[in-house]
Amino acid sequence: EISWINGVDFNFRESDFLSNVGKEEKFDIIVSNMIFELIKKFVLDLAGYLKKDGKVIIAGLLEAQSKEFEDYIKNIYSILERKVENEWIGYLLTIKK
């Protein structure tokens, strides 16, 4: 209702590893909350589903895995923000220009 009042259009999609997403679809924001062993399987592929200047929010990673994760994504994504809470870490990413 609030989005309608503010004239904002959005499409929410729940998907298992992009299984409910068409190969040509593009999104402004993609959110994933899963452990590193799972997100590693497709995090690089998410870039192909982002609109220009789109963002990826990743959560559910252990801080102890942050270096490995950052090394894994460094050729594709820029880290805009990183938040740590207890042993968990989350990221806001965008495609490198």
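Modeller: N86 lies in the loop between β3 and β4. Please keep in mind that this is a predicted model.

Biologist: Why is N86 called exposed?

Modeller: Exposed means over 50% relative accessible area. N86 has a relative accessible area of 63%, so N86 counts as exposed.

Biologist: What makes the phi of N86 worth a remark?

Modeller: The phi of N86 is positive, about 55°, although N86 is not a glycine. N86 belongs to the hairpin of β3 and β4, which has 2 residues between the strands.

Biologist: Which other residue can be described in this way, with a positive phi in a residue other than glycine?

Modeller: D53 can, with a phi near 65°. D53 has its place in strand β2.

Biologist: How do you know whether S32 is buried or exposed?

Modeller: The limit for buried is under 20% relative accessible area. S32 has 5% relative accessibility, so S32 counts as buried. S32 is found in strand β1.

Biologist: Which residues are in contact with S32, leaving aside its neighbours within four places in sequence?

Modeller: Contact requires heavy atoms within 4.5 Å. On that basis, S32 is in contact with I39, F42, I57, I58 and A59. I39, in turn, touches S32, M34, I58, L61 and F69, not counting residues up to four places away in sequence.

Biologist: What makes a group of residues a nonpolar core, and how many residues has the largest one?

Modeller: The members must be buried residues of the nonpolar kinds, joined through side-chain atoms within 4.5 Å. The largest nonpolar core has 22 residues, and I39, L46, I58, F69 and Y77 have the most contacts inside it. The elements that give two or more residues to this core are β1, α2, β2, α3 and β4. The most comes from β2, with 4 residues. In soluble globular proteins, nonpolar side chains tend to be buried together.

Biologist: How do you know that β2 and β4 pair?

Modeller: Pairing needs at least two bridges between two strands. The antiparallel strands β2 and β4 are joined by 6 bridges, so by that rule they pair. L61 stands opposite I89 in β4.

Biologist: What can be said of β3 and β4?

Modeller: Strand β3, residues 77–85, pairs with β4 in the antiparallel sense over 8 bridges. I79 has L93 as its bridge partner in β4.

Biologist: What volume has the largest pocket, and which residues are the closest to its centre?

Modeller: The volume of the largest pocket is about 680 Å³. It is lined by 23 residues, and R13, F27, I29, I30 and V31 are the closest to its centre. Strand β1, residues 27–33, gives the largest share of the lining, 7 residues.

Biologist: How is the lining of the largest pocket divided by class?

Modeller: The lining has 13 nonpolar, 4 polar and 6 charged residues.

Key
Residues are numbered from 1 along each chain as its sequence is written. This is a predicted model: local features need pLDDT of at least 70, side-chain atom pairs count only at pLDDT 80 or more; totals for chains, interfaces and linings use all residues. Side-chain values use heavy atoms; hydrogens and water are left out. On a 1 Å grid over the protein atoms alone, a cavity is a set of points where a 1.4 Å probe fits but cannot get out, and a pocket is an open set with protein on both sides within 12 Å along at least five of seven lines; lining residues have an atom within 4 Å of a point. Grid points are joined across faces, edges and corners, and a volume is the space filled by probe spheres set on the points. Ala, Val, Leu, Ile, Met, Phe, Trp, Tyr, Cys and Pro count as nonpolar, Asp, Glu, Lys and Arg as charged, and the others, Gly among them, as polar. Buried means under 20% relative accessible area, exposed over 50%, partly exposed in between (1.4 Å probe, protein chains only).
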